[in-house]
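Dear colleague,

I am handing over the structure we talked about, with the sequence alongside. Please have both open while you read the notes below.

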Amino acid sequence: MKAVTWQGTRNVSVEEVPDPRIEQPTDAIIKITSTAICGSDLHLYEPLGPFMKPGDVLGHEPMGVVEEVGSSVGDLKVGDRVVIPFQISCGSCVPCGQGLMTQCDTTQVREQGTGAAIFGYSELYGSVPGGQAEYLRVPQAQFTHIKVPEGPSDDRFLYLSDVLPTAWQGVEYAAVPDGGTLLVLGLGPIGDMACRVAQQRPIGKIIAVDLVPERLERARARGIEVIDLREHGDDLRDVVLSMTDGRGPDSVLDAVGLEAHGSPVAKVMQKMTGLLPSAISAPMMKTAGIDRLGALYTAIDLVRRGGTVSLSGVYGGMADPMPMMRMFDKQIQLRMGQANVKRWVDDILPLLTDDDPLGVDDFATHHLPLDQAPMAYDRFQKKADGHVKVVLKP
């Protein structure tokens with residue numbers, strides 16, 4: 001089959017790889033009909049490259065049709081139309097029962113000290129082949145699937161794999177009081193969708209910050225108040241305070257993560273580490289890796305005293321300096337973590353109607369054949385030509 005494979009830093013290619021097969025009774029094989037490129041895939045494209053191996057199959061936002069099943073997959077059957085969550089979880093362990101599927105006891109990657117295994121996301125999360133391919137083997141398929149109805153296009157449901165639950169959890173964790181103010185940092189797919197989710201809540205004001213014209217316009221067109229960082233990079237704090245009665249927003253959602261603009265020292269160190277052999281660079285990143293913390297520092301600085309910072313952007317550093325005095329003095333709450341996908345699905349599905357209040361039907365900016373994935377990665381990473389969300393068609 002054809003699949004999008006990692007070949008090196010900023011180098012992906014579409015290659016012929018072996019077809020997946022049933023390996024365990026709880027496996028299923030899915031024929032992929034749509035699969036998206038996630039912003040966190042770009043972390044593998046560059047800073048997290050030391051944890052990748054040439055030939056690794058990328059992608060963790062797929063959906064399709066069940067092609068084959070093992071003997072222990074519950075009520076999942078051949079022909080079912082399914083979305084596949086990005087994390088692999090059993091649904092029956094203690095963390096899963098608590099709604100913490102990202103901490104699944106069954107699929108935790110203990111040798112790396114990380115949580116539940118993730119499709120297509122490096123040895124840190126199990127080196128499980130991903131879903132930017134023609135077919136996908138789904139472990140723990142008795143739980144790791146979301147059945148969706150026939151009829152609407154794939155775009156109606158595809159984002160249940162990651163974007164929707166990640167945005168939903170980010171807003172949930174932000175704990176914005178009724179009538180309060182939410183500030184969203186970053187208008188990539190997660191930040192954009194978080195604004196749309198927030199509009200379904202009794203939130204008084206939603207403000208979003210970015211510096212890419214197309215992203216700002218997408219949010220502005222949906223009624224979000226936006227701040228262009230190109231114009232207000234030096235006086236962002238003053239602008240936000242002027243929009244929030246001088247107190248700051250009740251909650252800040254950081255949808256940027258480890259590759260924030262600025263943080264020049266961290267940027268140089270990330271690049272230097274990425275040039276080292278994996279045997280050297282991977283242990284270094286696990287013990288001394290640092291992130292570009294511009295967005296997180298901004299969130300901590302701008303949130304009102306006693307407010308909440310919600311982290312949806314991915315961070316991967318182990319030696320990140322945190323402004324503990326500032327955090328303690330402001331008495332902020334900090335909530336974070338990868339989205340527990342299936343915890344939120346029942347809440348989200350009622351919004352995936354023909355009325356489409358979240359705008360999922362036209363959320364993707366580009367639909368491309370799988371063969372064009374290398375070009376799509378390049379343009380998405382450069383934020384070029386309006387590439388905000390790319391859906392690949394095998």
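Predicted model: local features only at pLDDT ≥ 70, side-chain atom pairs only at ≥ 80, totals over all residues.

Two residues are said to be in contact when they have heavy atoms within 4.5 Å of each other.

Residues are numbered from 1 along each chain as its sequence is written, and side-chain values use heavy atoms, with hydrogens and water left out.

The secondary structure comes to 13 helices and 16 strands, where helices (H or I, at least four residues) and strands (E, at least two) are DSSP runs numbered from the N terminus. Of the 394 residues in the protein, 56% are buried; buried means under 20% relative accessible area, exposed over 50%, and partly exposed in between, with a 1.4 Å probe and protein chains only.

Helix packing comes next. Two packed helices are described by the angle between their axes and the distance between the axes. The axes here are lines fitted to C-alpha atoms, for helices over the stretch in contact, and the angles run from 0 to 180 degrees between N-to-C directions. Angles under 35 degrees count as roughly parallel, over 145 as roughly antiparallel, 65 to 115 as roughly perpendicular and the rest as oblique.

Helix 3 (residues 163–174) packs against helix 4 (residues 189–198) at an angle of about 60 degrees, with the axes 8 Å apart, and the two helices are therefore oblique to each other. On the helix 3 side the contact is made by Val163, Leu164, Thr166, Ala167, Trp168 and Val171, and on the helix 4 side by Pro189, Ile190, Met193, Ala194, Val197 and Ala198. These residues divide into eleven nonpolar, one polar and no charged, where Ala, Val, Leu, Ile, Met, Phe, Trp, Tyr, Cys and Pro count as nonpolar, Asp, Glu, Lys and Arg as charged, and the others, Gly among them, as polar.

Helix 3 also meets helix 12, their axes coming within 9 Å and crossing at roughly 90 degrees, which makes helix 3 roughly perpendicular to helix 12. Here helix 3 contributes Leu164, Pro165, Trp168, Gln169, Glu172 and Tyr173, and helix 12 contributes Val341, Arg343, Trp344, Asp347 and Ile348. By class, this contact has seven nonpolar, one polar and three charged residues.

In helix 13 (residues 373–381), the buried residues are Ala373, Ala376, Tyr377, Phe380 and Gln381. They cover an arc of only 125 degrees around the axis, which puts them on the same side of helix 13; the arc is that of the directions from the helix axis to the C-beta atoms. Lys383, which follows helix 13, has a positive phi near 55 degrees.

Two loop residues other than glycine have a positive phi as well. For Ser122, phi is about 75 degrees; this residue lies in the loop between helix 2 (94–97) and strand 7 (135–138) and is buried, with a relative accessible area of 3%. For Asp356, phi is near 50 degrees; its place is in the loop between helix 12 (341–348) and strand 15 (366–369), and Asp356 is buried, with a relative accessible area of 13%.

Lastly, Glu15 sits in strand 2 (residues 11–16) and is partly exposed, with a relative accessible area of 33%. Leaving aside residues up to four places away in sequence, Glu15 touches Met1, Lys2, Ala3, Thr5 and Gln7.
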